[in-house]
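Thanks for coming, everyone. Please have a look at the sequence and the fold on the screen, and then I'll walk you through a few parts of them.

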Amino acid sequence: MSKYTREDIIRMADEEDVGFIRLQFTDIFGTFKNVAITRNQLEKALDNQCIFDGSSIEGFARVEESDMYLYPDLDTFEIFPWRPQQGKVARLICDVKKADGTDFESDPRYVLKKTIAGAKEMGYTYDVGPECEFFLFGTDEDGNPATKTNERASYFDMGPLDQGENARRDMVLTLEEMGFIIETSHHEVAPAQHEIDFKFDSALNTADNIMTFKLVVKTIARRHGLHATFMPKPTQGISGSGMHLNLSLNRDGGNVFSDPEDVNGLSKEGYYFIGGIIQHMKALTFITNPIVNSYKRLVPGYEAPVYIAWSGKNRTPLIRIPANNGNVTRVELRSPDPSANPYLALAVCLAAGLDGIQNQIMPPKSIDRNIYTMTDEERKAAGIEELPGSLLEAAREFEKDDYIIGVLGEDLSRKYIQAKTKEYTDYRGQVTDWEINQYLHII
């Protein structure tokens, strides 16, 4: 049931003196876009009459079919607490539709909604709890983002060692003012690295919340003279930022993954869900780790997973089963990073798990020891494979997985592959400082 009606939005806008509304949507790469309107255009927007040029958004539409419409999701109405209190600024997250009113198949939000609908047909609802990490850096003399920090704080440190403590507190308070339920916030393992965890929710709400979370974190950081980045590995030699996803399915109010009699607390469906993710994991990585820099994080020695394995007892594998069980039993996928488009990432993870359930794909035996201390021979004997080592490798794995391509659709998949292949090609053509330092003096 919807939280707000059309009349509720108009009433709240008038009562709260809203003068400006941002109609937000997400492009295929996970970047928030918006069309801004004034209060006197609100009724028109609520009647789904706000049009924009889709050909101006990379990966959206060709010029000859560029007229696209924004359909606001009324339940996403929020007023930005950091904007002026006279003539306030609000937002509505929108679905993208074609001129004839039909769904735009390459709208990431539509992709997730379509996948959720498939789960509902099987009797499932899908909840996700993200763990979002980010860095707070300073800026250079021109105010541009930099990677400089004087901080030396580490895991769970507090001020004055934690120099981002005040900014993080204001982020939490702002998020709570916007309706988030914040469970924990703390300094992470690397200098200037932070984590804020908000309560799990339905998948669509979670994807919307991740997009809003990023906007709030970046906005409040700037008010503190800092730059917040969700780049997975901005600094060499320290841990990168992940976005662990805690996934669960429910049916008739009960947790589908739970079986108290099982040694891992997992039901057959829980095992099958893990089996589906593992079977499609190499293709999923193209979506959950979508930029060149993602693969600088997925290397041994910095807590991020490298090997495709699961366990209910240790934290080194790709997938782990957290200790809490019963109605909160969940599958934690540890490889995704916060550069991912959350709508697409949550969609492909759900689809892979559902494929596992439908086809009763049992995962390999759990690996209950530290995978990084195993020899290559031991890993090979256990059947442990590695995640893709580069964006190009992930793209090639994605191209081979017709099932995951079908989740995104042929058009979005084609555009995504083209864009990411070009991104890798551009990266490969760069001459880096490392190469100059390594080779210039001896070759």
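Let's start with Val128, whose bridge partner in strand 10 is Asp201. Strand 10 covers residues 201-202, runs antiparallel to strand 7 and is joined to it by two bridges. When I say two strands pair, I mean that DSSP finds at least two bridges between them. Helices and strands here are DSSP runs numbered from the N terminus, with helices being H or I over at least four residues and strands being E over at least two.

Before going further, a word on where this comes from: this is a predicted model, so local features need pLDDT of at least 70 and side-chain atom pairs count only at pLDDT 80 or more, while totals for chains, interfaces and linings use all residues. Residues are numbered from 1 along each chain as its sequence is written, and side-chain values use heavy atoms, with hydrogens and water left out.

Back to strand 7. Which residue of strand 12 stands opposite Val128? That is Leu247, and strand 12 (residues 243-251) runs antiparallel to strand 7, with eight bridges joining them. Strand 9 (residues 193-198) also pairs with strand 7 in the antiparallel sense, over five bridges, and there Cys132 stands opposite Ile196.

Is strand 7 largely enclosed or open? Eleven of its 13 residues, in the run 125-137, are buried, so the rest of the structure largely encloses this strand. Buried means under 20% relative accessible area, exposed means over 50%, and partly exposed is in between, using a 1.4 Å probe and protein chains only.

Now for helix 3, which takes in residues 108-121. Its buried residues are Pro108, Arg109, Val111, Leu112, Thr115 and Ala119. Viewed down the helix axis, these buried residues fall within an arc of 160°, so they line one face of helix 3; the arc is that of the directions from the axis to the C-beta atoms. On the other side of helix 3, Lys120 and Glu121 are exposed. Among the elements covering the buried residues are strand 1, helix 5 and helix 8, where contact means heavy atoms within 4.5 Å. After helix 3 comes Gly123, with a positive phi near 95°.

Next, the core. Which residues touch the most other members of the largest nonpolar core? They are Phe213 and Leu249, in a core of 117 residues. Helix 8 gives the largest share of this core, twelve residues. A nonpolar core, by the way, is a set of buried Ala, Val, Leu, Ile, Met, Phe, Trp, Tyr and Cys residues joined through side-chain atoms within 4.5 Å. Leaving aside neighbours within four places in sequence, the contacts of Phe213 include Cys132, Phe134 and Ile196.

Phe213 also belongs to one aromatic cluster with Phe134, Phe180, Phe198 and Phe230. Rings of Phe, Tyr and Trp (its six-membered ring) pair if their centres lie within 6.5 Å; planes under 30 degrees apart are stacked, over 60 edge-to-face, and the rest tilted. The count comes to 16 aromatic pairs. Phe80 and Trp82 have ring centres 4.7 Å apart and planes at 15°, so this pair is stacked. Phe257 and Phe273, at 5.0 Å and 55°, are tilted.

That's my tour, and I'm happy to take questions!

Notes:
Expected span 1.5 Å × (residues − 1).
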